[in-house]
Amino acid sequence: MKYNASMSIIKIKLIETEAPGFPVTLTTNDSKFDSIDGFLPPLPSELESSLSNWQLAYNQLDEVRKIATRISPKQTISYSSLEQRELVKTYINQWLDSDERQWRPIREELISVFSSLENSGS
């Protein structure tokens, strides 16, 4: 199956519920595949912690931006370190690589889509 990145929009919808974990729906705008429903397990504690740390740093950066528009500093300090961003990325990838039985069909479809894009040079 070939996917043209400029034409296909693939959406992953995570639904927050009272229960642990996330019901998930994978869809595309061009009917390249049927809608797929699945389930992701709850966020691992490492991911929750790294997201919280990154969000805190990002919010601090937003406060610096508000000040910067008034005083125009020559240099802005980035509170969101590369290490924090990489940790979030690593933990999200580990979470999305879950072997949860109900997540597997979505994960496999995503792998197929991205492999097709990579092979087509898009």
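Helices (H or I, at least four residues) and strands (E, at least two) are DSSP runs, numbered from the N terminus, and the legends below name the elements in this way. The model is predicted, so to speak of local features a pLDDT of at least 70 is needed, while side-chain atom pairs count only at pLDDT 80 or more and totals for chains, interfaces and linings use all residues. Residues are numbered from 1 along each chain as its sequence is written, and side-chain values use heavy atoms, with hydrogens and water left out.

**View 1. The chain and its order of elements.**
The secondary structure comes to three helices and three strands, which follow one another from the N terminus as β-β-β-α-α-α. Of the 122 residues of the chain, 25% count as buried, where buried means under 20% relative accessible area, exposed over 50% and partly exposed in between, with a 1.4 Å probe and protein chains only. Among contacts (heavy atoms within 4.5 Å) between residues at least 6 apart in sequence, 47% join residues at least 24 apart.

**View 2. The three-stranded sheet.**
The strands form an open sheet in the order S1-S2-S3 with antiparallel pairing, two strands being paired if DSSP finds at least two bridges between them. Strand S1 (10-14) and strand S3 (36-40) stand at the edges with a single partner strand each, so one side of each is left without a neighbour in the sheet. The twist averages 25° from one strand to the next. Strand S2 (residues 22-28) runs antiparallel to S3 and is joined to S3 by five bridges; Phe22 stands opposite Leu40 in S3, and Thr25 stands opposite Asp37 in S3.

**View 3. The two faces of S3 and the helix across the sheet.**
In a regular strand the side chains alternate between the two faces of the sheet. In S3, the covered face holds Ile36, Gly38 and Leu40, and the uncovered face holds Asp37 and Phe39. Helix H3 (residues 104-120) lies across S1, S2 and S3 and runs at about 115° to S3, with axes as lines fitted to C-alpha atoms, for helices over the stretch in contact, and angles from 0 to 180 degrees between N-to-C directions. Glu109 has its place in helix H3 and, at 14% relative accessibility, counts as buried. The C-alpha atoms of Glu109 and Leu26 are separated by 8.8 Å, although these residues are 83 residues apart along the chain.

**View 4. The largest nonpolar core.**
This core has 13 residues, and those with the most contacts inside it are Val24, Leu26, Leu40, Trp103 and Ile106; a nonpolar core is a set of buried Ala, Val, Leu, Ile, Met, Phe, Trp, Tyr and Cys residues joined through side-chain atoms within 4.5 Å. S2, S3 and H3 each supply at least two residues of this core, and H3 gives the most, with four residues. Leaving aside neighbours within four places in sequence, Val24 is in contact with Ile12, Lys13, Leu14, Ile36, Asp37, Gly38, Phe39, Leu40, Trp103 and Ile106.

**View 5. The aromatic pair.**
The count comes to one aromatic pair, under the rule that rings of Phe, Tyr and Trp (its six-membered ring) pair if their centres lie within 6.5 Å, with planes under 30 degrees apart counted as stacked, over 60 as edge-to-face and the rest as tilted. The rings of Phe22 and Trp95 have their centres 5.7 Å apart and their planes at 80°, so the pair is edge-to-face. Phe22 lies in strand S2 and Trp95 in helix H2 (residues 82-96), so the pair ties together parts that are 73 residues apart in sequence. Phe22, at 17% relative accessibility, counts as buried, as does Trp95 at 10%.

**View 6. The salt bridges around Arg107.**
A search of the whole structure finds four salt bridges, a salt bridge being a side-chain nitrogen of Lys or Arg within 4 Å of a carboxyl oxygen of Asp or Glu. The side chains of Asp97 and Arg107 meet in a salt bridge at 3.7 Å, N to O. Asp97 lies in the loop between H2 and H3 and Arg107 in helix H3, so this pair ties together parts that are 10 residues apart in sequence. Arg107, which counts as buried at 13% relative accessibility, also meets Asp99 in a salt bridge at 3.5 Å, N to O, and forms one with Glu108, where the closest N and O atoms are 3.1 Å apart. Salt bridges that share partners join Asp97, Asp99, Arg104, Arg107 and Glu108 into one network. Within this group, Glu108 is partly exposed, with a relative accessible area of 40%.
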